[in-house]
Amino acid sequence: VPGIAWSKSGLRQINRGLIHGPNGAISHFERSWDVEDQWINSMSHAALVLIHRHLGNSQDEIKNMRELEKLGGWESVDPSWIDAINRGLIDSEPV
C-alpha cells in the first residue's frame, strides 16, 4: 500500500478515535514511509509528533520530532494537514 494511503487511513483512524493497536492511527502512520516521496514522511512524522504530544508520550514525540527536523521541520508540512490532525485529536476525545 502506498505511503499516502496509510497517511489518509491514519487520519481516518484519528477521526474515529482509534489511536492505539494494530489498526490504530499510530500504526498506520508508522507504515506510511515512502523512500521516493519524502513529503509523505514529513506528514507522517508531524502526525506522530502531534499524536504523542496529545497523549503525553514525550519520548516518542521527541523521536519523531528529530525525524521531522531532518526532513525540513514544520515548514515542510502543509498547515492544513497539521490542522486536520489537531482537530481530529480534539474531536476524538471523550466529552
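Biologist: Are α1 and α5 roughly parallel or roughly antiparallel to each other?
Modeller: This is a predicted model, and in it the axes of α1 and α5 cross at roughly 30 degrees and come within 8 Å. Axes are lines fitted to C-alpha atoms, for helices over the stretch in contact, and angles run from 0 to 180 degrees between N-to-C directions. Angles under 35 degrees count as roughly parallel, over 145 as roughly antiparallel, 65 to 115 as roughly perpendicular and the rest as oblique. α1 and α5 are therefore roughly parallel.

Biologist: What pLDDT do local features need?
Modeller: Residues are numbered from 1 along each chain as its sequence is written, and side-chain values use heavy atoms, with hydrogens and water left out. Totals for chains, interfaces and linings use all residues, side-chain atom pairs count only at pLDDT 80 or more, and local features need pLDDT of at least 70.

Biologist: Which helix has the highest confidence?
Modeller: pLDDT is the predictor's confidence in each residue, from 0 to 100. The protein has a mean of 92, and 97% of its residues reach 70 or more. Confidence is lowest in α1, with a mean of 91. At 98, the highest is helix α4.

Biologist: Is the crossing of α1 and α5 left-handed or right-handed?
Modeller: A crossing is left-handed if the near helix is turned anticlockwise from the far one by less than a right angle, and right-handed if clockwise. Where α1 passes α5, the crossing is left-handed.

Biologist: How far apart are the axes of α1 and α3?
Modeller: Helices (H or I, at least four residues) and strands (E, at least two) are DSSP runs, numbered from the N terminus. α1 covers residues 3-16 and α3 covers residues 38-55. Their packing angle is about 20 degrees, and the axes are separated by 10 Å.

Biologist: How many nonpolar residues are in the contact of α1 with α3?
Modeller: α1 passes α3 in a left-handed crossing. The contact joins Gly3, Ile4, Ser7 and Ile14 of α1 to Trp39, Ile40, Met43, Ser44 and Ile51 of α3. No residue there is charged, three are polar, and the nonpolar ones number six.

Biologist: Do α3 and α5 cross in a left-handed or a right-handed way?
Modeller: α3 packs with helix α5 (residues 79-91) at about 30 degrees, with the axes 10 Å apart. The two are therefore roughly parallel to each other. The crossing of α3 and α5 is right-handed.

Biologist: How many polar residues are in the contact of α3 with α5?
Modeller: On α3, the contact has Met43, Ala47, Leu50, Ile51 and His54, and on α5 Trp81, Ile82, Ile85, Asn86 and Leu89. Eight of these are nonpolar, none is charged, and the polar residues number two.

Biologist: Is Gln13 buried or exposed?
Modeller: Gln13 lies in helix α1. Leaving aside its neighbours within four places in sequence, Gln13 contacts Leu18, Asn23, Gly24, Ala25 and His28. Buried means under 20% relative accessible area, exposed over 50%, partly exposed in between (1.4 Å probe, protein chains only). At 3%, Gln13 counts as buried.

Biologist: How far apart in space are Gln38 and Leu71?
Modeller: Gln38 sits in helix α3 and is partly exposed, at 36% relative accessible area. In sequence, Gln38 and Leu71 are 33 residues apart. C-alpha to C-alpha, their separation in space is 7.4 Å.

Biologist: What is the relative accessible area of Gln59?
Modeller: Gln59 has its place in helix α4. From Gln59 to Asp83 is 24 residues in sequence and 23 Å in space, C-alpha to C-alpha. Gln59 is exposed, with a relative accessible area of 68%.

Notes. Contact = heavy atoms within 4.5 Å. Nonpolar A, V, L, I, M, F, W, Y, C, P; charged D, E, K, R; others polar.
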